[in-house]
Amino acid sequence: MKHIHLLFFLQLSFFSLSAQQEYTKYFTDDKLRYDYTITGDHQVTRIQDMNFYREHNWSGSKLNLIDTFQYGELLLEVFDSSTSKLIYSKGYSSLYKEWQTTDEAILSERTFSESVIAPFPKHSIRIKLSERGFDMRFKEIHTTYINPTSREIEEIEPFEFVRSHHILVNGPVSSKVDIVFVSEGYTSSEEEFFFDDVKKFSDILFNWDPYHNYRNAFNIYGVFVASEDKGADIPQDSLWLNTALNAGFNTFGSDRYLTTNDICRVRDVVAGIPYDQICILVNSDKYGGGGIYNFYTIFSTGNALSEFLFHHEFGHGFASLADEYFSSIVPYNNMVNLNCEPYQPNITILINFDRKWKSMIADTVPIPTPYSQAYTDVIGLFEGAAYTSKGVYRPCYDCSMKSKINNAFCPVCKIAIEQMILFYYTSE
Ligand SMILES: [Zn+2]
C-alpha cells in the first residue's frame, strides 16, 4: 500500500513540476489586464479593444491554467501565437450579459466597459473572447493579438490614494485563493472602520461550511479608497452620491440589486494587489448586493442580513452558483433555456442530470421530491429554481442560494464551492 502511495505522490510531483515548467515557459509573474468595450442588444454582441496594462503579482494557480469548469456567460482564452496552443482560459460573467436579458435590450443598444486579467505572457499571444449562446455553447465574438514588448502596454503600480493591508496571509499567492476586499462609500475618516469590517467579514467567511475547513487555503487583503459620500446611489430615491467605485442600488430596476458598472475603476483601485476574487464592501445599511461570476461580489455591510448577503453573493461570484429561488420578481427574461442543461452546478432541467447531484440522492427519496416538511433534511430534486417555477430543479428544500432565512449552503452548493477552492489551492 505504501508503494502505491509513493507512486501516486511521485506522479503528482511530476505533474506539478511539468505544469510549473509549462507556466514559466509562457508567462512571467506579472498580470496582464485587458480592458475593452462590449456593445450590443438582446441578440448581437461586439467588442472593441481599449487598453492593455502590465501589473505586478499574478495570483492565480500556476498549475491549473485551463478552466475545467466552463461556467459563466463569457470565456477568455489565451493562445501562444506561434503554435496556436491554448495556454490559459477562464470563464466569467458580466453585467452586460445580464443586461442583455432585460426588456431594455430588446428595444435598444448599450455599451459597457469590461476588464479581464491573465498571467502576463513572455511571447506574442492571441486572445479569444467567446459568449455563451442560448444553446449553451460558446461562440467566438472577438480576437486580438498582444505582443508583450509593445509600447502600448501601460505599466501600472498601486495608486498612492489607495491604502492596502494584508488581513490573512497563509502562503504564496499562486497556491491560495486570494480575496481582495475593497471599500465603497467609506469616507476618509472611516478607514479604520473599513478595515474592521474587512476583518469581520473575513471571520464570517470562515464561519460557514465549506470555508470553515479551508482557512489555510486563503489569503485576504483589504484595500481602502476614500469616498466623498457615504453609501451608494439610490436612483429610485433620486439619491446620487460621489463614491469611489460608482456603485448603486436599483440596477435594472431591481431595488435590492447593488452593482457598479465601472469595473475598470475597480481594477484601477486594486492594481498591483494579488487577487483571484474581488469583494466590494458598500458602507450602507440598505439591503442589497450582487455577485457576478469571476467579475466581482458586492454587498452592503450595515444591514442585519449582511452575513447572508455576503455568502449568497460570493456563492455567485466565486463558484457560479445559481439562485435557487423562483418566486421573487427579477428583471431578467428567459434566464434558463428549458431545452439545454444550464451550466450552474446547483440547478438542473434533467437533460444532463447524471453529471450533477443525481448520485447523491438516496433511493428512499422520491423524484421529484415533494416540497414538504418530511424532506427538509435530504438531498433530492425540488422543482423551482433560477426564477422559474416549472421545469428547473434545485437539490434541497432550502439553501442560502434560495432564502435568507437559511444561513447554510445545501450539500450540493458546498461541494461546488469546495471544488472551486481546490482549483486555486495547492497544499504545501
Ligand atoms: Zn444550494
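Mentor: Let's start with Pro368, which sits in the loop between helix H6 (306–319) and strand S15 (382–385). Helices here are DSSP runs of H or I with at least four residues, strands are E runs of at least two, and both are numbered from the N terminus. The peptide bond leading from Ile367 into Pro368 is cis, with omega near -10°. Keep in mind that this is a predicted model, where local features need pLDDT of at least 70, side-chain atom pairs count only at pLDDT 80 or more, and totals for chains, interfaces and linings use all residues. Residues are numbered from 1 along each chain as its sequence is written, and side-chain values use heavy atoms, with hydrogens and water left out.

Another cis peptide bond links Asp209 to Pro210, with omega about 5°. Pro210 belongs to the loop between helix H4 (191–207) and strand S11 (218–225).

Now for phi. Tyr387, in the loop between S15 and strand S16 (388–394), isn't a glycine, yet its phi is positive, near 65°. Its relative accessible area is 23%, so Tyr387 is partly exposed (buried is under 20%, exposed over 50%, partly exposed in between, using a 1.4 Å probe and protein chains only). Gln70 also has a positive phi, about 55°, without being a glycine. You'll find Gln70 in the loop between strand S2 (45–55) and strand S3 (74–80), and at 34% relative accessibility it counts as partly exposed.
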